[in-house]
Amino acid sequence: MAQTYPKSFKNCAVCNFWGGNRQVDTFGQRVTVDSSSSKGKCLLQGGPWKGQDKQASSQCNKWQAWGALK
Ligand code: SF4
């Protein structure tokens, strides 16, 4: 089931370093993924999860807002 998160939500789906499939809404306020368990690689160089598959709903303290958001 598709899952939508507001831009204030600090999980991988909303993070600048997540490599999974996601869509941003027209206004840059929300991110939608196929499922909260959809996976994508963490692309943060030097981060604790670099290169590892992370679920959309995962969180870590290196989070930064996705650049597609306004
Ligand atoms: S593990 Fe952390 S840095 Fe990597 S995508 Fe998720 S929230 Fe972002």
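User: A salt bridge here is a side-chain nitrogen of Lys or Arg within 4 Å of a carboxyl oxygen of Asp or Glu. How many salt bridges does the count come to by this rule?

Analyst: This is a predicted model, where local features need pLDDT of at least 70, side-chain atom pairs need pLDDT 80 or more, and totals for chains, interfaces and linings use all residues. Residues are numbered from 1 along each chain as its sequence is written, and side-chain values use heavy atoms, without hydrogens or water. By the stated rule, the salt bridge count is one.

User: Which side chain meets Asp53 in a salt bridge?

Analyst: Asp53 lies in strand 5 (residues 53-55), and its partner in strand 4 (residues 39-41), so the pair ties together parts that are 12 residues apart in sequence. Strands are DSSP E runs of at least two residues, numbered from the N terminus. The N to O distance is 3.5 Å, and the partner of Asp53 is Lys41.

User: Is Lys41 buried or partly exposed?

Analyst: Buried means under 20% relative accessible area, exposed over 50%, and partly exposed in between (1.4 Å probe, protein chains only). Asp53 has 48% and is partly exposed. Lys41 has 41% relative accessibility, so Lys41 counts as partly exposed.

User: How many residues make up the largest nonpolar core?

Analyst: Such a core joins buried Ala, Val, Leu, Ile, Met, Phe, Trp, Tyr and Cys residues through side-chain atoms within 4.5 Å. Its members include Tyr5, Trp18, Trp66 and Leu69. Tyr5 counts as buried because its relative accessibility is 6%. The size of the largest nonpolar core is 10 residues.

User: Which residue forms an aromatic pair with Tyr5?

Analyst: The structure holds one aromatic pair (ring centres within 6.5 Å). The pair is tilted, at 5.3 Å centre to centre and 35° between the planes; under 30 degrees would be stacked, over 60 edge-to-face.

User: Over the ring of which residue does the charged end of Lys54 sit?

Analyst: The test is NZ of Lys or CZ of Arg within 6 Å of the ring centre and within 35 degrees of the ring normal. Arg22 lies over the face of Trp66, 3.8 Å from the ring centre. For Lys54, the distance to the ring centre is 3.4 Å, and the ring is that of Trp49.

User: How far apart are the C-alpha atoms of Thr32 and Val14?

Analyst: Thr32 is in strand 3 (residues 30-33). Thr32 is partly exposed, at 24% relative accessible area. Thr32 and Val14 are 18 residues apart along the chain, and their C-alpha separation is 9.0 Å.

Technical notes:
Phe/Tyr/Trp six-rings, centres within 6.5 Å; stacked < 30°, edge-to-face > 60°. Helix = DSSP H or I, 4+ residues; strand = E, 2+ residues; numbered from the N terminus.
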